[in-house]
Amino acid sequence: MARGGKTKAEDDSVSFASLIEKIEIMRSALRWTETLDRRQIEKLLGQVSTVREQAMKLSHTNRFVNASLADKGRKKSSVAQRRRELLERNFQFDGVFGDSPRLIEALEVAERVAPTFLPVLVYGESGTGKELIAKVLHANGDRSEEPLVTVNCGAIPDNLLESELFGHKKGAFTGATHDRAGRFEAANGGTIFLDEIGELPLTGQVKLLRVLQSNEIQRVGSDTAIKVDARVVAATNRNLLEMCKEGTFREDLYYRLSIIEIAIPPLRERRDEIPLLIEFFADEAAEQLDLPPLNLSRRLQSFLNRYDYPGNIRELRNLVFRLACLAESTADLQHLPEYIRPQGHHADDNGTAAADMNLVEVKRLASDNAERRFLENALADEGGNVTALAKRIDMNRAHVQTLLKKHGLKSKDFKPAKS
Ligand SMILES: Nc1ncnc2c1ncn2[C@@H]1O[C@H](COP(=O)(O)OP(=O)(O)OP(=O)(O)O)[C@@H](O)[C@H]1O
Ligand SMILES: [Mg+2]
(Lines give C-alpha, C1' and ligand atoms only; values in the text may rest on other atoms or scores of the structure.)
(Ligands and ions follow the chains in the order given, each with its own letter.)
Protein backbone atom coordinates (compact mmCIF):
# COMPACT_ATOMS: atom_id res chain seq x y z
CA MET A 1 0.00 0.00 0.00
CA ALA A 2 0.93 3.63 -0.37
CA ARG A 3 1.31 4.00 3.40
CA GLY A 4 4.99 4.59 3.04
CA GLY A 5 4.28 7.21 0.36
CA LYS A 6 4.99 10.20 2.52
CA THR A 7 8.16 11.21 0.75
CA LYS A 8 6.47 11.25 -2.65
CA ALA A 9 3.53 13.15 -1.19
CA GLU A 10 5.90 15.67 0.35
CA ASP A 11 7.51 16.20 -3.04
CA ASP A 12 4.09 16.78 -4.60
CA SER A 13 3.15 19.30 -2.00
CA VAL A 14 6.46 21.17 -2.21
CA SER A 15 6.30 21.50 -5.98
CA PHE A 16 2.61 22.42 -5.90
CA ALA A 17 3.22 25.13 -3.35
CA SER A 18 6.30 26.45 -5.08
CA LEU A 19 4.44 26.52 -8.41
CA ILE A 20 1.82 28.86 -7.04
CA GLU A 21 4.44 30.98 -5.34
CA LYS A 22 6.44 31.32 -8.54
CA ILE A 23 3.35 32.26 -10.52
CA GLU A 24 2.49 34.84 -7.85
CA ILE A 25 5.99 36.32 -8.07
CA MET A 26 5.77 36.56 -11.86
CA ARG A 27 2.32 38.08 -11.65
CA SER A 28 3.36 40.80 -9.27
CA ALA A 29 6.53 41.48 -11.30
CA LEU A 30 4.38 41.97 -14.38
CA ARG A 31 1.70 43.93 -12.61
CA TRP A 32 4.10 46.77 -11.67
CA THR A 33 6.14 46.83 -14.84
CA GLU A 34 5.28 49.25 -17.61
CA THR A 35 7.91 48.12 -20.15
CA LEU A 36 10.29 45.17 -20.30
CA ASP A 37 13.78 45.05 -21.78
CA ARG A 38 15.26 41.93 -23.38
CA ARG A 39 17.11 40.90 -20.19
CA GLN A 40 13.91 41.04 -18.16
CA ILE A 41 12.05 39.11 -20.84
CA GLU A 42 14.75 36.40 -20.78
CA LYS A 43 14.52 36.20 -17.01
CA LEU A 44 10.74 35.83 -17.13
CA LEU A 45 11.02 33.23 -19.88
CA GLY A 46 13.41 31.26 -17.70
CA GLN A 47 10.96 31.39 -14.80
CA VAL A 48 8.06 30.37 -17.03
CA SER A 49 10.04 27.37 -18.31
CA THR A 50 10.79 26.22 -14.78
CA VAL A 51 7.13 26.51 -13.81
CA ARG A 52 6.13 24.65 -16.98
CA GLU A 53 8.55 21.85 -16.20
CA GLN A 54 7.27 21.52 -12.66
CA ALA A 55 3.65 21.62 -13.83
CA MET A 56 4.39 18.79 -16.26
CA LYS A 57 6.03 16.77 -13.51
CA LEU A 58 3.04 17.34 -11.25
CA SER A 59 0.58 16.46 -13.97
CA HIS A 60 2.55 13.29 -14.64
CA THR A 61 2.32 12.33 -10.96
CA ASN A 62 -1.40 13.07 -10.92
CA ARG A 63 -1.98 11.00 -14.01
CA PHE A 64 -0.04 8.19 -12.43
CA VAL A 65 -2.17 8.31 -9.26
CA ASN A 66 -5.43 8.55 -11.23
CA ALA A 67 -4.44 5.72 -13.50
CA SER A 68 -3.63 3.47 -10.58
CA LEU A 69 -7.00 4.37 -9.02
CA ALA A 70 -8.80 3.58 -12.29
CA ASP A 71 -6.84 0.40 -12.59
CA LYS A 72 -7.92 -0.59 -9.12
CA GLY A 73 -11.51 0.18 -10.11
CA ARG A 74 -11.31 -2.08 -13.14
CA LYS A 75 -9.90 -4.95 -11.18
CA LYS A 76 -12.48 -4.73 -8.46
CA SER A 77 -15.70 -6.28 -9.47
CA SER A 78 -18.18 -4.82 -7.03
CA VAL A 79 -18.67 -2.10 -4.51
CA ALA A 80 -19.19 -4.71 -1.81
CA GLN A 81 -15.84 -6.21 -2.63
CA ARG A 82 -14.09 -2.84 -2.57
CA ARG A 83 -15.66 -2.21 0.81
CA ARG A 84 -14.46 -5.59 2.06
CA GLU A 85 -10.98 -4.87 0.80
CA LEU A 86 -10.88 -1.58 2.68
CA LEU A 87 -11.77 -3.51 5.82
CA GLU A 88 -9.18 -6.16 5.11
CA ARG A 89 -6.54 -3.48 4.79
CA ASN A 90 -7.53 -2.37 8.29
CA PHE A 91 -8.92 0.94 7.13
CA GLN A 92 -11.07 2.37 9.93
CA PHE A 93 -14.41 3.77 8.84
CA ASP A 94 -16.67 2.89 11.74
CA GLY A 95 -20.02 4.60 11.52
CA VAL A 96 -19.77 5.27 7.78
CA PHE A 97 -22.48 3.30 6.13
CA GLY A 98 -23.56 3.02 2.51
CA ASP A 99 -22.59 1.23 -0.64
CA SER A 100 -22.76 3.82 -3.37
CA PRO A 101 -19.73 3.66 -5.66
CA ARG A 102 -19.13 7.35 -5.05
CA LEU A 103 -18.98 6.90 -1.30
CA ILE A 104 -16.58 3.99 -1.59
CA GLU A 105 -14.48 6.06 -3.96
CA ALA A 106 -14.36 8.87 -1.39
CA LEU A 107 -13.25 6.34 1.23
CA GLU A 108 -10.58 4.96 -1.08
CA VAL A 109 -9.18 8.44 -1.66
CA ALA A 110 -9.31 9.02 2.10
CA GLU A 111 -7.36 5.81 2.60
CA ARG A 112 -4.61 7.01 0.31
CA VAL A 113 -4.28 10.50 1.74
CA ALA A 114 -4.88 9.81 5.43
CA PRO A 115 -1.26 8.78 6.14
CA THR A 116 0.16 11.89 4.45
CA PHE A 117 0.22 15.43 5.81
CA LEU A 118 -1.46 16.89 2.69
CA PRO A 119 -4.39 19.25 3.31
CA VAL A 120 -7.78 17.81 2.32
CA LEU A 121 -10.88 19.73 1.31
CA VAL A 122 -14.15 17.87 1.88
CA TYR A 123 -17.07 19.04 -0.21
CA GLY A 124 -20.68 18.17 0.40
CA GLU A 125 -24.11 19.53 1.19
CA SER A 126 -25.22 19.85 4.77
CA GLY A 127 -25.54 16.48 6.52
CA THR A 128 -23.70 14.40 3.91
CA GLY A 129 -21.05 13.27 6.38
CA LYS A 130 -18.20 15.76 5.94
CA GLU A 131 -17.29 15.67 9.59
CA LEU A 132 -17.43 11.90 9.53
CA ILE A 133 -14.86 11.87 6.70
CA ALA A 134 -12.63 14.26 8.67
CA LYS A 135 -12.74 11.77 11.55
CA VAL A 136 -11.93 8.91 9.19
CA LEU A 137 -8.92 10.83 7.82
CA HIS A 138 -7.68 11.51 11.32
CA ALA A 139 -8.27 7.98 12.55
CA ASN A 140 -6.30 6.45 9.70
CA GLY A 141 -3.29 8.73 9.81
CA ASP A 142 -0.22 8.36 11.95
CA ARG A 143 -1.59 11.19 14.10
CA SER A 144 -4.59 9.30 15.34
CA GLU A 145 -3.33 9.30 18.93
CA GLU A 146 -2.97 13.07 18.80
CA PRO A 147 -5.88 15.51 19.07
CA LEU A 148 -8.46 16.20 16.37
CA VAL A 149 -9.56 19.78 16.93
CA THR A 150 -12.69 21.07 15.21
CA VAL A 151 -13.26 24.74 14.47
CA ASN A 152 -16.56 25.84 13.02
CA CYS A 153 -15.47 28.89 11.06
CA GLY A 154 -19.06 30.02 10.59
CA ALA A 155 -19.83 30.07 14.28
CA ILE A 156 -17.10 32.40 15.54
CA PRO A 157 -17.63 36.18 15.37
CA ASP A 158 -15.12 37.87 13.03
CA ASN A 159 -13.43 39.84 15.78
CA LEU A 160 -12.70 36.73 17.87
CA LEU A 161 -11.67 34.45 15.07
CA GLU A 162 -7.98 35.25 15.02
CA SER A 163 -7.62 34.81 18.74
CA GLU A 164 -9.67 31.60 18.62
CA LEU A 165 -7.45 30.10 15.92
CA PHE A 166 -4.06 31.44 16.96
CA GLY A 167 -4.49 32.40 20.63
CA HIS A 168 -3.61 35.72 22.20
CA LYS A 169 -1.27 37.44 24.59
CA LYS A 170 -2.48 38.92 27.83
CA GLY A 171 -3.58 42.52 27.20
CA ALA A 172 -3.82 42.09 23.42
CA PHE A 173 -7.38 43.42 23.54
CA THR A 174 -10.04 44.27 26.08
CA GLY A 175 -10.97 41.10 27.85
CA ALA A 176 -7.66 39.33 27.12
CA THR A 177 -6.83 38.82 30.78
CA HIS A 178 -4.48 35.86 30.29
CA ASP A 179 -2.18 34.42 27.68
CA ARG A 180 -4.21 31.89 25.78
CA ALA A 181 -3.33 29.21 23.23
CA GLY A 182 -5.48 28.96 20.12
CA ARG A 183 -6.94 25.96 18.32
CA PHE A 184 -3.91 25.55 16.05
CA GLU A 185 -1.67 25.05 19.06
CA ALA A 186 -4.20 22.67 20.56
CA ALA A 187 -4.06 20.63 17.37
CA ASN A 188 -0.25 20.52 17.34
CA GLY A 189 0.88 17.07 16.27
CA GLY A 190 -2.67 16.19 15.30
CA THR A 191 -5.34 17.40 12.92
CA ILE A 192 -7.28 20.64 12.75
CA PHE A 193 -10.70 20.36 11.12
CA LEU A 194 -11.79 23.72 9.71
CA ASP A 195 -15.49 23.25 9.19
CA GLU A 196 -17.45 25.67 7.00
CA ILE A 197 -14.22 27.16 5.65
CA GLY A 198 -16.30 29.17 3.15
CA GLU A 199 -17.52 31.30 6.05
CA LEU A 200 -14.02 32.40 7.01
CA PRO A 201 -13.76 36.17 6.46
CA LEU A 202 -11.04 37.47 4.14
CA THR A 203 -8.86 38.71 7.01
CA GLY A 204 -8.92 35.22 8.53
CA GLN A 205 -8.14 33.72 5.12
CA VAL A 206 -4.94 35.78 4.84
CA LYS A 207 -3.80 34.60 8.24
CA LEU A 208 -4.64 31.01 7.56
CA LEU A 209 -2.68 31.13 4.32
CA ARG A 210 0.32 32.40 6.22
CA VAL A 211 0.14 29.45 8.62
CA LEU A 212 -0.12 26.99 5.77
CA GLN A 213 2.93 28.52 4.13
CA SER A 214 5.15 28.77 7.17
CA ASN A 215 3.75 26.29 9.70
CA GLU A 216 4.08 29.07 12.22
CA ILE A 217 1.53 31.05 14.14
CA GLN A 218 1.68 34.23 16.13
CA ARG A 219 -0.65 34.73 19.04
CA VAL A 220 -2.61 37.97 18.75
CA GLY A 221 -0.52 40.74 20.36
CA SER A 222 2.72 38.76 20.27
CA ASP A 223 5.75 39.04 17.96
CA THR A 224 6.99 35.57 18.67
CA ALA A 225 6.41 32.92 16.03
CA ILE A 226 5.44 29.51 17.35
CA LYS A 227 5.98 26.41 15.23
CA VAL A 228 2.85 24.33 14.79
CA ASP A 229 2.46 21.05 13.03
CA ALA A 230 -1.25 20.53 12.43
CA ARG A 231 -2.66 18.61 9.50
CA VAL A 232 -5.44 20.66 7.94
CA VAL A 233 -8.75 19.17 6.86
CA ALA A 234 -11.29 21.75 5.70
CA ALA A 235 -14.93 21.27 4.78
CA THR A 236 -17.49 23.34 2.98
CA ASN A 237 -20.89 23.13 1.38
CA ARG A 238 -20.15 26.21 -0.74
CA ASN A 239 -18.64 26.45 -4.17
CA LEU A 240 -15.26 27.94 -3.31
CA LEU A 241 -14.22 28.38 -6.93
CA GLU A 242 -17.31 30.52 -7.50
CA MET A 243 -16.42 32.45 -4.37
CA CYS A 244 -12.90 32.98 -5.74
CA LYS A 245 -14.43 34.46 -8.89
CA GLU A 246 -16.64 36.74 -6.80
CA GLY A 247 -13.64 37.76 -4.74
CA THR A 248 -14.98 36.44 -1.44
CA PHE A 249 -12.48 33.60 -1.18
CA ARG A 250 -8.75 33.88 -1.83
CA GLU A 251 -7.64 31.85 -4.77
CA ASP A 252 -4.18 31.18 -3.35
CA LEU A 253 -5.75 29.78 -0.17
CA TYR A 254 -8.14 27.70 -2.22
CA TYR A 255 -5.28 26.06 -4.12
CA ARG A 256 -3.37 25.42 -0.91
CA LEU A 257 -6.36 23.76 0.74
CA SER A 258 -7.62 21.76 -2.18
CA ILE A 259 -4.58 19.68 -3.07
CA ILE A 260 -6.83 16.72 -2.37
CA GLU A 261 -10.58 17.13 -2.73
CA ILE A 262 -13.12 14.63 -1.50
CA ALA A 263 -16.66 15.23 -2.70
CA ILE A 264 -19.55 13.51 -0.97
CA PRO A 265 -22.67 13.22 -3.11
CA PRO A 266 -26.05 14.28 -1.71
CA LEU A 267 -28.40 11.49 -0.68
CA ARG A 268 -30.84 12.22 -3.50
CA GLU A 269 -28.09 11.30 -5.96
CA ARG A 270 -27.61 7.89 -4.37
CA ARG A 271 -31.16 6.86 -3.67
CA ASP A 272 -30.35 3.18 -3.93
CA GLU A 273 -28.82 3.51 -0.52
CA ILE A 274 -31.93 4.85 1.21
CA PRO A 275 -33.49 1.49 2.18
CA LEU A 276 -30.14 0.25 3.50
CA LEU A 277 -29.55 3.41 5.48
CA ILE A 278 -33.06 3.22 6.93
CA GLU A 279 -32.35 -0.30 8.09
CA PHE A 280 -29.03 0.72 9.56
CA PHE A 281 -30.47 3.69 11.47
CA ALA A 282 -33.56 1.69 12.52
CA ASP A 283 -31.27 -0.88 14.17
CA GLU A 284 -29.35 1.91 15.81
CA ALA A 285 -32.58 3.53 17.05
CA ALA A 286 -33.96 0.24 18.38
CA GLU A 287 -30.74 -0.35 20.25
CA GLN A 288 -30.36 3.16 21.64
CA LEU A 289 -34.02 3.71 22.52
CA ASP A 290 -34.51 0.12 23.67
CA LEU A 291 -37.44 -0.39 21.32
CA PRO A 292 -38.54 -3.27 19.10
CA PRO A 293 -37.41 -3.04 15.45
CA LEU A 294 -39.15 -0.42 13.37
CA ASN A 295 -41.73 -1.53 10.82
CA LEU A 296 -42.63 0.86 8.03
CA SER A 297 -45.90 0.85 6.13
CA ARG A 298 -45.44 0.33 2.42
CA ARG A 299 -46.54 3.82 1.56
CA LEU A 300 -44.18 5.35 4.15
CA GLN A 301 -41.32 3.28 2.75
CA SER A 302 -42.16 4.48 -0.72
CA PHE A 303 -42.42 8.10 0.49
CA LEU A 304 -39.00 7.81 2.13
CA ASN A 305 -37.49 6.33 -1.02
CA ARG A 306 -38.73 9.24 -3.10
CA TYR A 307 -38.19 12.14 -0.69
CA ASP A 308 -35.43 14.64 -1.56
CA TYR A 309 -33.63 14.97 1.81
CA PRO A 310 -32.31 18.52 1.68
CA GLY A 311 -30.71 17.72 5.05
CA ASN A 312 -29.21 14.52 3.60
CA ILE A 313 -28.13 11.67 5.87
CA ARG A 314 -28.58 13.68 9.04
CA GLU A 315 -32.21 14.33 8.08
CA LEU A 316 -32.81 10.67 7.24
CA ARG A 317 -31.27 9.56 10.53
CA ASN A 318 -33.36 12.03 12.52
CA LEU A 319 -36.49 10.91 10.66
CA VAL A 320 -35.85 7.25 11.44
CA PHE A 321 -35.26 7.99 15.13
CA ARG A 322 -38.47 10.01 15.22
CA LEU A 323 -40.45 7.23 13.55
CA ALA A 324 -38.99 4.60 15.88
CA CYS A 325 -39.97 6.67 18.86
CA LEU A 326 -43.48 7.72 17.78
CA ALA A 327 -44.80 4.63 16.02
CA GLU A 328 -46.28 1.95 18.20
CA SER A 329 -45.80 -1.00 15.91
CA THR A 330 -45.89 0.16 12.29
CA ALA A 331 -44.79 3.63 11.33
CA ASP A 332 -46.87 5.41 8.74
CA LEU A 333 -47.19 8.79 7.06
CA GLN A 334 -48.84 10.44 10.04
CA HIS A 335 -45.68 9.89 12.08
CA LEU A 336 -43.68 12.12 9.74
CA PRO A 337 -42.95 15.67 10.90
CA GLU A 338 -45.51 18.14 9.67
CA TYR A 339 -43.19 20.02 7.31
CA ILE A 340 -42.81 17.01 5.04
CA ARG A 341 -46.00 15.07 5.78
CA PRO A 342 -48.25 14.63 2.75
CA GLN A 343 -51.53 16.51 3.26
CA GLY A 344 -54.37 14.76 5.04
CA HIS A 345 -52.25 12.73 7.46
CA HIS A 346 -52.37 14.00 11.00
CA ALA A 347 -50.00 13.33 13.85
CA ASP A 348 -52.84 12.83 16.31
CA ASP A 349 -54.05 9.84 14.31
CA ASN A 350 -51.77 7.72 16.44
CA GLY A 351 -54.47 5.80 18.25
CA THR A 352 -56.55 5.26 15.15
CA ALA A 353 -53.68 4.52 12.84
CA ALA A 354 -55.49 1.49 11.48
CA ALA A 355 -58.23 3.69 10.03
CA ASP A 356 -55.61 5.32 7.93
CA MET A 357 -54.15 2.09 6.53
CA ASN A 358 -55.23 -0.09 3.70
CA LEU A 359 -56.51 -3.60 4.35
CA VAL A 360 -53.22 -5.32 3.53
CA GLU A 361 -51.40 -3.17 6.06
CA VAL A 362 -54.00 -3.77 8.77
CA LYS A 363 -53.71 -7.49 8.21
CA ARG A 364 -49.95 -7.38 8.31
CA LEU A 365 -50.03 -5.37 11.51
CA ALA A 366 -52.42 -7.84 13.18
CA SER A 367 -50.36 -10.77 11.99
CA ASP A 368 -47.12 -9.16 13.23
CA ASN A 369 -48.63 -8.60 16.65
CA ALA A 370 -49.90 -12.18 16.86
CA GLU A 371 -46.50 -13.50 15.77
CA ARG A 372 -44.70 -11.47 18.39
CA ARG A 373 -47.02 -12.60 21.22
CA PHE A 374 -46.69 -16.21 20.13
CA LEU A 375 -42.88 -16.06 20.08
CA GLU A 376 -42.75 -14.35 23.46
CA ASN A 377 -44.91 -17.01 25.11
CA ALA A 378 -43.13 -19.94 23.46
CA LEU A 379 -39.67 -18.57 24.22
CA ALA A 380 -40.69 -18.06 27.85
CA ASP A 381 -41.94 -21.67 27.97
CA GLU A 382 -38.59 -22.89 26.64
CA GLY A 383 -36.65 -20.80 29.13
CA GLY A 384 -34.97 -18.74 26.38
CA ASN A 385 -33.59 -21.81 24.58
CA VAL A 386 -33.80 -20.96 20.87
CA THR A 387 -32.91 -24.47 19.69
CA ALA A 388 -35.74 -25.94 21.77
CA LEU A 389 -38.11 -23.28 20.48
CA ALA A 390 -37.17 -24.04 16.87
CA LYS A 391 -37.79 -27.74 17.44
CA ARG A 392 -41.09 -27.09 19.14
CA ILE A 393 -42.48 -24.98 16.30
CA ASP A 394 -40.79 -27.09 13.64
CA MET A 395 -38.79 -24.33 12.11
CA ASN A 396 -35.20 -23.82 11.04
CA ARG A 397 -33.19 -22.28 13.92
CA ALA A 398 -31.75 -19.51 11.77
CA HIS A 399 -35.23 -18.48 10.70
CA VAL A 400 -36.38 -18.39 14.30
CA GLN A 401 -33.41 -16.12 15.10
CA THR A 402 -34.44 -13.80 12.25
CA LEU A 403 -38.01 -13.63 13.57
CA LEU A 404 -36.78 -12.90 17.10
CA LYS A 405 -34.57 -10.13 15.74
CA LYS A 406 -37.46 -8.70 13.75
CA HIS A 407 -39.46 -8.32 16.95
CA GLY A 408 -36.52 -7.23 19.07
CA LEU A 409 -36.78 -10.29 21.31
CA LYS A 410 -33.57 -11.37 23.00
CA SER A 411 -33.36 -14.99 24.14
CA LYS A 412 -31.23 -14.05 27.15
CA ASP A 413 -34.16 -12.03 28.53
CA PHE A 414 -36.15 -15.28 28.77
CA LYS A 415 -33.51 -17.36 30.48
CA PRO A 416 -34.25 -18.23 34.09
CA ALA A 417 -32.26 -16.12 36.54
CA LYS A 418 -29.17 -17.95 37.86
CA SER A 419 -29.40 -18.70 41.56
N1 LIG B 1 -22.35 7.40 5.37
C2 LIG B 1 -22.89 7.57 6.58
N3 LIG B 1 -23.21 6.50 7.32
C4 LIG B 1 -23.76 6.65 8.53
N5 LIG B 1 -24.03 7.83 9.09
C6 LIG B 1 -23.73 8.92 8.41
C7 LIG B 1 -23.14 8.85 7.11
N8 LIG B 1 -22.96 10.11 6.67
C9 LIG B 1 -23.42 10.91 7.63
N10 LIG B 1 -23.88 10.21 8.67
C11 LIG B 1 -24.49 10.75 9.89
O12 LIG B 1 -25.23 11.90 9.52
C13 LIG B 1 -25.02 12.95 10.46
C14 LIG B 1 -24.42 14.13 9.75
O15 LIG B 1 -23.06 13.85 9.40
P16 LIG B 1 -21.93 14.98 9.50
O17 LIG B 1 -22.10 15.79 10.73
O18 LIG B 1 -20.63 14.31 9.28
O19 LIG B 1 -22.37 15.83 8.22
P20 LIG B 1 -21.82 17.23 7.71
O21 LIG B 1 -21.66 17.07 6.25
O22 LIG B 1 -20.64 17.62 8.52
O23 LIG B 1 -23.05 18.17 7.98
P24 LIG B 1 -23.10 19.80 8.14
O25 LIG B 1 -22.71 20.38 6.83
O26 LIG B 1 -24.51 20.05 8.46
O27 LIG B 1 -22.14 20.12 9.24
C28 LIG B 1 -24.16 12.36 11.57
O29 LIG B 1 -25.02 11.88 12.56
C30 LIG B 1 -23.44 11.24 10.89
O31 LIG B 1 -23.07 10.24 11.80
MG1 LIG C 1 -20.46 19.25 9.80
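A: Around ligand 1 there are 16 residues, and the closest are Phe97, Ser126, Gly129, Lys130 and Glu131; a residue is near a molecule if its C-beta atom, placed from the backbone, lies within 6 Å of it. This is a predicted model, in which local features need pLDDT of at least 70 and side-chain atom pairs count only at pLDDT 80 or more, while totals for chains, interfaces and linings use all residues. Residues are numbered from 1 along each chain as its sequence is written, and chains are lettered from A and ligands numbered from 1 in the order in which they are written.

Helix 5 (130-139) and helix 13 (312-326) are the elements that give two or more residues to this shell; helices are DSSP runs (H or I, at least four residues), numbered from the N terminus. Domain 2 (95-265) and domain 3 (268-357) each supply at least three residues, with bounds from an automatic or database domain assignment. By class, the shell has 4 nonpolar, 8 polar and 4 charged residues (Ala, Val, Leu, Ile, Met, Phe, Trp, Tyr, Cys and Pro count as nonpolar, Asp, Glu, Lys and Arg as charged, and the others, Gly among them, as polar).

Helix 13 also packs with helix 11 (residues 274-289): their axes come within 9 Å and cross at roughly 50°. Axes are lines fitted to C-alpha atoms over the stretch in contact, and angles run from 0 to 180 degrees between N-to-C directions. The two helices are therefore oblique to each other (angles under 35 degrees count as roughly parallel, over 145 as roughly antiparallel, 65 to 115 as roughly perpendicular and the rest as oblique). Among the residues making the contact are Phe281 of helix 11 and Phe321 of helix 13, where contact means C-beta atoms, placed from the backbone, within 7 Å. This contact has 13 nonpolar, no polar and 1 charged residues.

Methods. Two residues are in contact if their C-beta atoms, placed from the backbone, lie within 7 Å.
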